[in-house]
Amino acid sequence: QIPKDPAQRRLRELTLLSKQMQQVHPNVLAKILKKETLYQNEEIVMINKPYGLPVHGGPGVKNCITDVLPILAKMLDNMKAETLHLCHRLDKETTGVMVLARSKEVAERIRLLFKTRQVEKIYWAIVLGEPEPAEGVVEIPIVEKEVQSHQSHYKMTLAPSYRLSPEDGKVVKIRKNRDAESAVTRYRCLASSSACSLLELQPITGVKHQLRVHLAYGLGCPILGDHKYSHWSKLAPQKLPEITLRRLKLEQSKARHLPLHLHAHRLSLPLGEWIDLVCKPPHFFQKTLKKLELDFSKD
């Protein structure tokens, strides 16, 4: 039974697509990735990672990018090609630019560039609310914690080095959490409308779920479709403002189908020469921008 509502239809298509990718033959998946090749030279291949496709295997994962790299290498080069190598990772639900290396040595070189923060990554995210101020830096360490609730689960969360003193409201430095990793995110609001904003994000560090945590808990603007980080103590669908629901032609009860709107938009890395690649957001992301009237002039 196909839903009448276009938004629901789109969500259903995305969910199905994600499931289908788990069921296709690895060769078919490699073909999809070949079609998504944005750039290649003798050292690297850059692809546009599709929504809902995991980078690594895990429980319940039959198909992931890592597994089809040998097939993709042969499809791109010729039957004698060596396998491609991962240089970094994107979350399963994140789309956009991803770099693969043609040799172990190049992969090591690129990983080092990521580690020493010489790679510039720009993401786009549609978020709920409007950040205050409209542009700035979130610099709060992040740590993984167990959430004690009726369904115990783990989440990344903030581990600030400061707190407000209850006596006089002054900012006091507190002891650093030993397990916390320092995390820095630059952000800039490109457009706001329909109780949502389009943000340009630049993660300076690369902590697991950093952008999602900094936006949700640091700025109070969770990413649209991020059901994990929209609440702290429960696992529940994101609660959307009335105007957002109206514009998306969506009922709140169906909000759980909303995909995560986080896209790796641009990647620049110094590899002999500067390689600078921009990748358009996926169709569903562009449609959401239109529906929410998040128009902005590209500068």
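A quick word on terms: the domain bounds used here come from an automatic or database domain assignment. Keep in mind, too, that this is a predicted model. With that settled, the protein chain splits into domain 1, residues 1–116, and domain 2, residues 120–294. Taken over C-alpha atoms, the centres of the two domains sit 23 Å apart. Their contact draws on 27 residues from domain 1 and 31 residues from domain 2.

How much area do domain 1 and domain 2 bury between them? It comes to about 2,500 Å², with 69% of that on carbon and sulfur atoms. Over on domain 1, R10, L11 and V97 lose the most area to domain 2, together making up 23% of what that side buries.

Now for the polar side of the interface. Across it there are 6 residue pairs in polar contact, both residues being at pLDDT 80 or more. On the domain 1 side, the elements giving two or more residues are α1 (6–23), β1 (37–40), β2 (44–49), β4 (95–101) and α4. Of these, α1 gives the most, with 6 residues. Sorted by class, that side of domain 1 has 15 nonpolar, 6 polar and 6 charged residues.

Salt bridges are another matter: between domain 1 and domain 2 the count is 1. Have a look at D91 and R212, which form a salt bridge with their closest N and O atoms 3.3 Å apart. R212 also meets D226 in a salt bridge, at 2.9 Å from N to O. Through shared partners, D91, R212 and D226 end up in one network. Are R212 and D226 buried or exposed? R212 is buried at 8% relative accessible area, and D226 is buried as well, at 0%.

The structure holds 9 salt bridges, and a couple of others are worth a stop. In helix α4 (residues 104–115), R111 and E108 lie 3 residues apart, about one turn of the helix, and their closest N and O atoms are 2.7 Å apart. Both are partly exposed, R111 at 33% and E108 at 48%.

Finally, E200 and R188 pair up at 3.2 Å, N to O. E200 belongs to strand β12 (residues 196–203) and R188 to strand β11 (residues 184–193), so this bridge ties together parts 12 residues apart in sequence. E200 is partly exposed at 21% relative accessibility, and R188 is partly exposed at 24%.

Definitions and conventions: Residues numbered from 1 in each chain as written. Predicted model: local features only at pLDDT ≥ 70, side-chain atom pairs only at ≥ 80, totals over all residues. Heavy atoms only, no water. Salt bridge = Lys/Arg side-chain N within 4 Å of Asp/Glu carboxyl O. Helix = DSSP H or I, 4+ residues; strand = E, 2+ residues; numbered from the N terminus. Buried < 20%, exposed > 50% of the residue type's maximum accessible area, 1.4 Å probe, protein only. Contact = heavy atoms within 4.5 Å. Buried area = accessible area lost by both parts, 1.4 Å probe. Polar contact = N/O pair within 3.5 Å; in protein donor to acceptor, adjacent residues only side chain to side chain. Nonpolar A, V, L, I, M, F, W, Y, C, P; charged D, E, K, R; others polar.
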